[in-house]
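Here is a friendly tour of one protein model, taken topic by topic. Have the structure open and follow along.

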Amino acid sequence: MCGIVGIYSHQAVNQELYDALTMLQHRGQDAAGIITNEGHRLHLRKDNGLVRDVFNKDEHMTRLRGPIGIGHVRYPTAGAASSAEAQPFYTNMPFGISLSHNGNLTNAEELKQELFAEDRRHLNTESDSEVLLNVFAHELQIQSKLRLTAEDIFAGVSGVHRRCRGAYAVVAMISGYGLIGFRDPFGIRPVCYGWRDSPQGKEYMIASESVALNALGFEFLDDIAPGEAIYVDMDGKLHRRQCAMNSVLSPCIFEYVYLARPDSVMDDIYVYKARLRMGIKLAEKILREWPEHDIDVVIPIPDTSRVAGAEVAARLGVNYREGFIKNRYIGRTFIMPGQEQRKKGVRQKLNPVDVEFRGKNVLLVDDSIVRGTTSQEIIQMARDAGARKVYFASAAPPVRYPNVYGIDMPTATELVAHGRTIPQLEELLGADRLIYQDLNDLIDAVRHKHSSIQRFDCSVFTGEYITQDISLEYLNQLELFRSDAAKAKRGSSAQSVIELENAGAR
């Protein structure tokens, strides 16, 4: 899960790219970057940290000159938590191409071999985003054109679709040519675009979520369709083209459950309304399976479950209370690196209001249960605050399988629901009762009346991967690479290298 943005304007875009990235900060807190195009020169700043920490006004922002640029906020999935992995990435051959990517390539290792052995291109990081950049660059280069046309650019995107598998929402910039956005043939990760008028002419913006467009005064035009590419040339003309065969809109349903902001609209679905309907479906299940419930109060886990929690309370006819106060200066624990850091982050992030728990049967509502670390801590916090009984409801079904399309979800063995029954989970988490949303109800809640969504990627719940290229061997390799233990080992190795370099410098 990352956030991407690109702006074509008639004035400097550095501040607006910065502002857009702050609106997308929830999609990644590990690193941030901006690259701008001024004439024939590119200006780049990227580093680990939050947007506000990476860009200093005097030192960095004033240097990011130019009327076209792209930006990125990142948290690590395929790569490591290193500033070398921060985006945007850049290659000078051909023309000078920079790229930001949200998603994950499932055939990245195969492509790395092709790029080295056949395309004669060098990779400098472990990031699959750099792989994607070099595939795109090669597909443009083999056309052997001194000047690119819109047709050439769309042919390059078509080449990407032929070679790359997995999830990718992309914004790219070709120096002297303009701004490009494209999306994989399944449309797994979100990306949209909009425009606004200025005295000099039309200006365009591409972003992961519509909320970034709204905040900067751009009018939403459309989502980039699966397999589609858009290109804004240097004259401000917008070009659109379907560049993939047999594209099928299959967005990740977890975007609506947790990842996206509630004030965003993705593929014609209001995230807020989807979460409202999740609460309705969840309440209906409770009433259906537990009509004689003894729930006194419904308390959501802030922030993403507030909308669903309020609707659950209304439908059950019980009180809704804000029983946890959130420290907004602590990051999203779901995307914190390392189990111990996530566990510590829960206690630092949430503080219970004792009076709302004392002597009551409490139903806690959360958007999902992934590792179980957060849920277990929160349930214990509710008991410590004096709750008589603690029930726990998830607006999503049990998460039993890893995500391979760009969410840094744990490996199967680290998922609390993997291989466990509901009674086993109740005992492990410490809940008096555990209620999960049914998958069909979740799909109905998100899709509602929007028939353009033919299907969703529900692989974290079902283990069925829509790209149909995920083998057991792939998942085993994922286990070796993505587990907390593997990340800790890589982090330790990286720290040793840094210490050796520092020692050498002394």
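Strand β12 (residues 228-233) and strand β13 (residues 238-242) pair antiparallel over 5 bridges. Helices (H or I, at least four residues) and strands (E, at least two) are DSSP runs, numbered from the N terminus, and two strands pair if DSSP finds at least two bridges between them. This is a predicted model, in which local features need pLDDT of at least 70 and side-chain atom pairs count only at pLDDT 80 or more, while totals for chains, interfaces and linings use all residues. Residues are numbered from 1 along each chain as its sequence is written, and side-chain values use heavy atoms, with hydrogens and water left out.

**The hairpin of β12 and β13**

- Glu-228 has Gln-242 in β13 as its bridge partner.
- The hairpin has 4 residues between its strands, and Gly-236 takes a positive phi near 80° there.

**The sheet of 7 strands**

- Follow the order β3-β2-β4-β1-β10-β9-β11 to walk across this open sheet, whose 7 strands pair in the antiparallel sense.
- At the edges are β3 (41-48) and β11 (219-223), each pairing on one side only.
- From one strand to the next, the twist averages 15°. For angles, axes are lines fitted to C-alpha atoms, for helices over the stretch in contact, and the angles run from 0 to 180 degrees between N-to-C directions.
- Strand β1 (residues 3-8) is antiparallel to β4 (residues 68-74), with 6 bridges between them.
- Strand β1 is also joined by 4 bridges to β10 (residues 201-207), again antiparallel.
- Val-5 has bridge partners in both neighbours: Gly-71 in β4 and Ala-207 in β10.
- How many of the residues of β1 are buried? The count is 6 of 6, and the strand is mostly covered. Buried means under 20% relative accessible area, exposed over 50%, and partly exposed in between (1.4 Å probe, protein chains only).
- In a regular strand the side chains alternate between the two faces of the sheet.
- In β1, Gly-3, Val-5 and Ile-7 point one way, while Ile-4, Gly-6 and Tyr-8 point the other way.

**The sheet of 5 strands**

- A parallel, open sheet of 5 strands has the order β17-β16-β20-β21-β22.
- Its edge strands are β17 (319-320) and β22 (433-436), and each pairs on one side only.
- Strand β16 (residues 297-300) runs parallel to β17, and 2 bridges join them.
- Look for Val-298 opposite Tyr-320 in β17.
- Helix α11 (residues 373-384) lies across β20 (361-366) and β21 (389-394), and runs at about 150° to β21. Contact here means heavy atoms within 4.5 Å.

- Helix α1 (residues 14-23) is mostly covered, with 7 of its 10 residues buried.
- Among the buried residues of α1 are Leu-17, Tyr-18, Ala-20 and Leu-21.
- An α-helix has 3.6 residues a turn, so residues three or four places apart point the same way.
- In helix α13 (residues 439-447), the buried residues include Asp-441, Leu-442, Ile-443, Ala-445 and Val-446.
- The cover over the buried residues of α13 includes α7 (254-259), β15 (269-270), α8 (271-289) and α14 (459-462).
- Just after α13, His-448 has a positive phi of about 55°.

- Ser-175 sits in the loop between β7 (166-174) and β8 (178-183).
- Is Ser-175 buried or exposed? Ser-175 counts as buried because its relative accessibility is 13%.
- Leaving out residues up to four places away in sequence, Ser-175 touches Asn-37, Gly-39, His-40, Leu-42, Phe-95 and Gly-96.
- Asn-104 belongs to strand β6 (residues 97-105), and at 3% relative accessibility Asn-104 counts as buried.
- Asn-104 and Arg-165 are 61 residues apart along the chain, yet their C-alpha atoms are separated by 8.6 Å.

**A cavity to find**

- The count comes to 2 cavities of 30 Å³ or more. On a 1 Å grid over the protein atoms alone, a cavity is a set of points where a 1.4 Å probe fits but cannot get out, and lining residues have an atom within 4 Å of a point.
- The second largest cavity has a volume of about 30 Å³, a volume being the space filled by probe spheres set on the points.
- Its lining includes Arg-183, Ile-188, Pro-251, Tyr-256 and Asp-267.
- That lining divides into 6 nonpolar, no polar and 4 charged residues. Ala, Val, Leu, Ile, Met, Phe, Trp, Tyr, Cys and Pro count as nonpolar, Asp, Glu, Lys and Arg as charged, and the others, Gly among them, as polar.

Definitions and conventions
1 Å grid on protein atoms, 1.4 Å probe; cavity = no way out; pocket = protein on both sides within 12 Å on 5 of 7 lines; lining within 4 Å.
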